[in-house]
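This report describes a protein chain together with its ligand.

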Amino acid sequence: MTGLELRGVTVTYPGHPPVTAVRDVSMTVEAGEIVALVGPSGCGKSSLLGAIAGVVQCTGLVMWDGEDVSTTPVHVRGFGLVFQDGALFPHRTVAGNVAFGLEMAGMPRAERRARVAEFLELVRLPGYGARRITELSGGERQRVALARSLAPHPRLLLLDEPLSSLDAELREALAAEVRDILLATGTTAIVVTHDRAEAAAMSSQIFTMRDGRLLP
Ligand code: ADP
Ligand code: MG
């Protein structure tokens, strides 16, 4: 199975004048591979992830396993997104957050409960299910966000600066944990970071972006 392949992906935001955030990006990520995407703020990293996920309009081809998914709706692509601040639902418990994607997919309650427990175990938060989001540390929140995005078994996980809101020490520890979890679940992933050391620690390949383009 081949993983993700992008051909000539371009993102232009409409406006006066329009802003071209991603220019003619082509890249391949093998199935099961973790790659990093680095580059200065504003170079187009989030726009590229958005285009891959389908939440940002683009031209060019987004392919998974040789099949064009450019026009496939977001929820059918089977790609997960993790943001910098985790973007957890504050009114839901930890378990409620992890169960979210499973509910959307119509998974029966008993199966859902088992899957939630499995993924809380995986991110080393067993027994945290009933906790409120406000009762968690920053690192715990990011691990809940990771469990939530991994629980529905995404084909591809897109992580947009998932650790940058954390302090340096925690970031380093969690970078290794996240990598191990992705490897253990065989998840193909693109991790955006502006930290080269973090990129090197987490990925097998680093792509560098500048002004909307991938550097050769
Ligand atoms: P990065 O994630 O690397 O910091 P972004 O993809 O967020 O970069 O932004 C790339 C460029 O696109 C920037 O110039 C930014 O101002 C612009 N941009 C991002 N989102 C939008 C939007 N929704 N509408 C218009 N311009 C945007
Ligand atoms: Mg960004």
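## Basis of the description

A residue is called buried when its relative accessible area is under 20%, exposed when that area is over 50%, and partly exposed in between. Ser46, with a relative accessible area of 40%, is therefore partly exposed. The structure discussed here is a predicted model.

## The ligand site

The shell around ligand 1 consists of Tyr13, Val19, Ala21, Pro40, Ser41, Gly42, Cys43, Gly44, Lys45, Ser46 and Ser47. By residue class, this shell divides into 5 nonpolar, 5 polar and 1 charged.

Oxygen atoms of ligand 1 approach the protein at several polar positions. An oxygen atom of the ligand lies 2.7 Å from a polar backbone atom of Gly42. Side chains also take part: an N or O atom of Lys45 is 2.9 Å from a ligand oxygen, and an N or O atom of Ser47 is 2.5 Å from a ligand oxygen. Taken alone, ligand 1 exposes 560 Å², of which the protein buries 58%. Strand E2 (19-29) and helix H1 (45-53) are the elements that give two or more residues to the shell. Helix H1 gives the most, with 3 residues.

## Helix H1 and Ser46

Helix H1 is mostly covered, as 8 of its 9 residues are buried. The buried residues are Lys45, Ser47, Leu48, Leu49, Gly50, Ala51, Ile52 and Ala53. Two of these, Lys45 and Ser47, also belong to the ligand shell. Just after the helix, Gly54 takes a positive phi of about 100°.

Which side chain does Ser46 join through a polar contact of 2.6 Å? The partner is the side chain of Asp160. Ser46 itself is found in helix H1 and is also part of the shell around ligand 1. Its C-alpha is 9.5 Å from that of Val56, a residue 10 positions away in sequence.

## Aromatic groups

The model contains 2 aromatic pairs. In one of the pairs, the rings of Phe89 and Phe100 have their centres 4.6 Å apart and their planes at 55°, so the pair is tilted. The pair links distant parts of the chain: Phe89 is in the loop between strand E6 (79-82) and helix H3 (94-104), Phe100 is in helix H3, and the two are 11 residues apart. Phe89 has a relative accessible area of 23% and is therefore partly exposed. Phe100, at 27%, is likewise partly exposed.

Charged groups are also placed over aromatic rings. The charged end of Arg148 sits over the ring of Phe89, 4.8 Å from its centre. Phe89 thus has a ring partner in Phe100 and a charged group over its ring. Elsewhere, Arg131 lies over the face of Tyr128, at 4.4 Å from the ring centre.

## Backbone geometry in the loops

Most residues other than glycine have a negative phi, and most peptide bonds are trans. Several positions in this model depart from those patterns. The peptide bond from His16 to Pro17 is cis, with omega near 0°. Pro17 is found in the loop between strand E1 (4-13) and strand E2.

Asp65 has a phi near 50°, a positive value in a residue other than glycine. Asp65 lies in the loop between strand E4 (59-64) and strand E5 (67-68), and its relative accessibility of 39% makes it partly exposed. Glu161 also has a positive phi, of about 45°, although it is not a glycine. Is Glu161 buried or exposed? At 13% relative accessibility, Glu161 counts as buried. Glu161 is located in the loop between strand E7 (156-160) and helix H6 (168-184).

## Helix H6

Leu174 lies in helix H6. Its relative accessible area is 3%, so Leu174 is buried. Leu174 and Leu163 are separated by 11 residues in sequence, and their C-alpha atoms are 7.7 Å apart in space.

Technical notes. Residues numbered from 1 in each chain as written. Chains lettered and ligands numbered in written order. Predicted model: local features only at pLDDT ≥ 70, side-chain atom pairs only at ≥ 80, totals over all residues. Heavy atoms only, no water. Near = heavy atom within 4 Å. Polar contact = N/O pair within 3.5 Å; in protein donor to acceptor, adjacent residues only side chain to side chain. Areas by Shrake-Rupley, 256 points an atom, 1.4 Å probe, with all protein chains shown as cover. Helix = DSSP H or I, 4+ residues; strand = E, 2+ residues; numbered from the N terminus. Nonpolar A, V, L, I, M, F, W, Y, C, P; charged D, E, K, R; others polar. Phe/Tyr/Trp six-rings, centres within 6.5 Å; stacked < 30°, edge-to-face > 60°. Buried < 20%, exposed > 50% of the residue type's maximum accessible area, 1.4 Å probe, protein only. Lys NZ or Arg CZ within 6 Å of the ring centre and 35° of its normal.
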